[in-house]
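Dear colleague,

I am passing on a structure that you have not worked with before, and I would be grateful if you could read the notes below with the structure open beside them.

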Amino acid sequence: MSPPPDVVRLEFCSAFDMLDFVQVVGDHLCRRLGFDEDSMHWVSVAIRECVINAIKHGNQNDQRKMVHVEFI
């Protein structure tokens, strides 16, 4: 099932290497929405913390498990 056109869905293995990819997508979306630099920074911090927690605590660093991120 594909997401509605105003939703960006990412699905990837539990690897910390993916943090930069998620940040690039988040930054791009923030720019498109007109966020200022300060807001972009804090959104980026929140996204990174969520992904780190999902990998480290939710999936116990098991790269076979997936992480799902949705920007709505």
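R9 is partly exposed, with a relative accessible area of 38%, where partly exposed stands between buried, under 20% relative accessible area, and exposed, over 50%, as calculated with a 1.4 Å probe on protein chains only. Please keep in mind that this is a predicted model, in which local features need pLDDT of at least 70 and side-chain atom pairs count only at pLDDT 80 or more, while totals for chains, interfaces and linings use all residues. Residues are numbered from 1 along each chain as its sequence is written, and side-chain values use heavy atoms, with hydrogens and water left out.

The side chain of R9 meets that of E70 in a salt bridge, at 2.6 Å from N to O; the term stands for a side-chain nitrogen of Lys or Arg within 4 Å of a carboxyl oxygen of Asp or Glu. This pair links distant parts of the chain, since R9 lies in strand β1 (residues 8-13) and E70 in strand β2 (residues 66-71), 61 residues apart. Strands (E, at least two residues) and helices (H or I, at least four) are DSSP runs, numbered from the N terminus. E70, at 42% relative accessibility, also counts as partly exposed.

The structure holds 3 salt bridges, and side chains of opposite charge can pair when their charged atoms come close. Another of these bridges is formed by R48 and D20, whose closest N and O atoms are 3.7 Å apart. Here too distant parts of the chain are linked, with R48 in helix α2 (residues 37-58) and D20 in helix α1, 28 residues apart. R48 is partly exposed at a relative accessible area of 26%, whereas D20 is exposed at 52%. There is also a salt bridge between R64 and D62, with 3.0 Å between the closest N and O atoms, and R64 counts as exposed at 73% relative accessibility.

V25 sits in helix α1 (residues 19-33) and is buried, with a relative accessible area of 16%. Leaving aside neighbours within four places in sequence, V25 is in contact (heavy atoms within 4.5 Å) with V8, L10 and F71. The C-alpha atoms of V25 and L10 are separated by 9.3 Å, the two residues being 15 apart along the chain. S44, which belongs to helix α2, is likewise buried, at 10% relative accessibility, and S44 touches Q23 and D27 when residues up to four places away in sequence are not counted.
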